[in-house]
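Me: Hello! I would like to get to know a structure I have not seen before. Could you walk me through it with a few questions and answers?

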Amino acid sequence: MTTPRRCLLGVSALLLAAALPVHGLDWPVEKKTVIGTFGEDSGGRFFDGLDIGGGPQDVRAVLPGDLVFLYDEGEDYSSLPRGLGSFVVLHHEGKIETISCNLKKGSLGSPRTAYAAGDKIGVSGDTGSSDSIHLHFSLYDEETASFLNPLSLLPPVADTQPPVIRRILLSVSDILVPLENGAKVPAGQAEIIAEAYDLRQDVRFHWPLGLYGIRLDVDGKEAARIVFDSLQVAGGRLAVGGTRLTLSGVYTADGLLRCGAVEMRQGNHHLILSARDFAGNETTKEISFTVRD
Amino acid sequence: MKKRRPASIFLTSVLLMVLYFALFPYPLGKELVAKPVWAVDVSSAASNNAGGGEASMSSAPQEAFPFRLGDLFGYVAADGTLLHLGHTLFQVALSRTGYINYARMGTDWIIRDPRGQRTASFSGNGYPLLDADGSRVLVVSSDLTGLAEVDRNGDAAWSRDFPAIMTSLSLQGDFLLVGLLNGSLQLLNRNGVPVYQGPPGSSRIPVIYGCAVTQDGSFIASISGIGPQVLSVLGRNGSSYAGTLRIPLSADYRREVRMGFSPDSRYLYYESRDGVGMVEPREGWSTLVQLPGRVAGSAFLHDSRFAAFAARDGGRVTLTIVLPFLETLSSESFPAGSLFLGTVDGQTLLGVDGRLLRVDIEAL
């Protein structure tokens, strides 16, 4: 069986951190309740930042920086509708920009051009395309014109809960069939699809979050790997950094993960799917199956 | 001894002068005045609408002119007949031929004509945007990095992602100019294909604060950058664009700036620290119309012969009407909360605190 390698690593967190000023970033809010993660399928778009809940709370500059752009919902002029709601963009040393969105209307304070680390920017809110109070926080690298995964650069938060791989499916001619141990599948071109996600640790109900990375090995060889380090436009489409994987290349219409295309050849095979969250927790699922003639 | 001029020399001079003015009279132009024509109380009409939703007042086939006044929007005819009135759900995309009244959350939208009749519906992720005549329907993604255009049947025509969030946008005719946070401009044609991409200038921190394109695509303009902030005008030169004007600004904006071209593509106006800057890019002329306060509205009147600007300073608004590069015709100050400045039949349509007023420029 041949397994074409289709995804490459994005920019490593190490390189990103090296580009930043020595004093490092701090979280923009006190309560670090992550409710939406970088790279998720957000209603037909890649999620380009973090959503942080925890109710209304002060949002602070994570680094010293210059104010670059500010919009307060309800301002008398905007040439385009702004789903980010009230937002503030700061430019920092190292050509990094932080974008704090969905802030409470009127909480942005009096105009100023420079912020010190820890200075209040506003209050998390529900302006723009939002149905709950939260902060949408994005990091933008001007040098590479890419959105960076904020979790790559923010101090880690405690998370001991491993991701979930609920099921692995095989897509043959657009028909999804469960792939389980001992399964007998037809030969030919197929795609490995997975329902995999991380879970919020702070709530008892089901609140799925996106993964940091996923890796598919078939018969001991790496077949595919996706790492949500960065997002970058390639050919007019937002794609996983360093790849040409657009949203439809990463997720199915139902939000399942496309793990890689494989050529199924007759014989016995062994598949390992590994899902990793940002804290380093990893879940692995192994399946042995037979490709029949 | 002092010599005295004969009185005849003086009398001859006076007679010659009188003769000159009789033979070559200087034509005195007619005086232009701004004259109120009618006023409509839209807030009373809204409160009479017991349902609190939308109401059509007239089905007579008249040309409709859109307005937005606070959370009220609607259409008025040239004679002051209120054609349609509604409350915005969250925002409204308004055009001369229709509107989309949409809620904060939602992916399904209905396009209605100026009488409130449904004409089309479509879905998308983000918020909708119409061009001035309602012939183009865009969807701006919620994260401000994607644009899509849909046809009147709601089918996708094209979509495009941008390498940074959009800060400003200008949609005129077949041209769509997008300004980005990373300091670059993208001019897209009717099919969403870039026909120009580039940074308008070099500044310490590149960012686009405002952009504008003419109806015919002959000029594009932007205000960009921090340290320095610069107005750049680029003119079409064959299939490319080249810089025709670059003016360093004394302003230090960190928000979107109002700017736009007149419908005849002749004049560019832009918000400035002391009022409104005006540029005639073909001739390279520029001037400043001094206004008290921050620019709050603009309109070009009488086939772009005149320009009207509203400036807000606290609770007062000043409406100034100018003959570009020549003179200020009128400047009136009044208290105002909500404000709208648009056009009706080529004349000024002014909305103030629930009332609409038509002001015509007439020659006396």
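This is a predicted model: local features need pLDDT of at least 70, side-chain atom pairs count only at pLDDT 80 or more; totals for chains, interfaces and linings use all residues.

Me: Is Ser239(B) buried or exposed?

Reply: The test counts other C-beta atoms, placed from the backbone, within 10 Å of a residue's own: 20 or more is buried, 12 or fewer is exposed, and in between is partly exposed. Ser239(B) has 7 such neighbours inside 10 Å, so it counts as exposed.

Me: How far apart in space are Ser239(B) and Tyr196(B)?

Reply: Along the sequence, 43 residues separate Ser239(B) and Tyr196(B). From C-alpha to C-alpha, the distance between them is 8.8 Å.

Me: Which strand of chain B gives the most to the side that touches chain A?

Reply: Contact here means that the C-beta atoms of two residues, placed from the backbone, lie within 7 Å. By that rule, 36 residues of chain B are in contact with 33 residues of chain A. Strands 10 (127-130), 13 (156-161), 14 (166-172) and 18 (205-213) of chain B each give two or more residues to this side. The most, five residues, come from strand 14 of chain B.

Me: Why is strand 6 of chain A described as largely enclosed?

Reply: Strand 6 of chain A covers residues 96-103. It is largely enclosed by the rest of the structure because its buried residues number eight of the eight.

Me: Which residue stands opposite Cys101(A) in strand 9 of chain A?

Reply: Strands pair if DSSP finds at least two bridges between them. Strand 6 of chain A is joined by six bridges to strand 5 (residues 86-92) of chain A, running antiparallel. Six bridges also join strand 6 of chain A to strand 9 (residues 135-141) of chain A, again antiparallel. In strand 9, the residue opposite Cys101(A) is His136(A).

Me: Which strands stand at the edges of the five-strand sheet in chain A?

Reply: This open sheet of chain A has the order 13-22-21-16-17, with mixed pairing.

Me: What is the bridge partner of Asp217(A) in strand 17 of chain A?

Reply: Strand 16 (residues 213-218) and strand 17 of chain A run antiparallel and are joined by six bridges. In strand 17 of chain A, Asp217(A) has as its bridge partner Glu222(A).

Me: Is Arg276(A) buried or exposed?

Reply: Arg276(A) belongs to strand 21 (residues 267-276) of chain A. Leaving aside neighbours within four places in sequence, its contacts are Pro163(A), Leu211(A), Tyr212(A), Gly213(A) and Glu282(A). With 20 C-beta neighbours inside 10 Å, Arg276(A) counts as buried.

Terms used: Residues are numbered from 1 along each chain as its sequence is written. Chains are lettered from A and ligands numbered from 1 in the order in which they are written. Helices (H or I, at least four residues) and strands (E, at least two) are DSSP runs, numbered from the N terminus.
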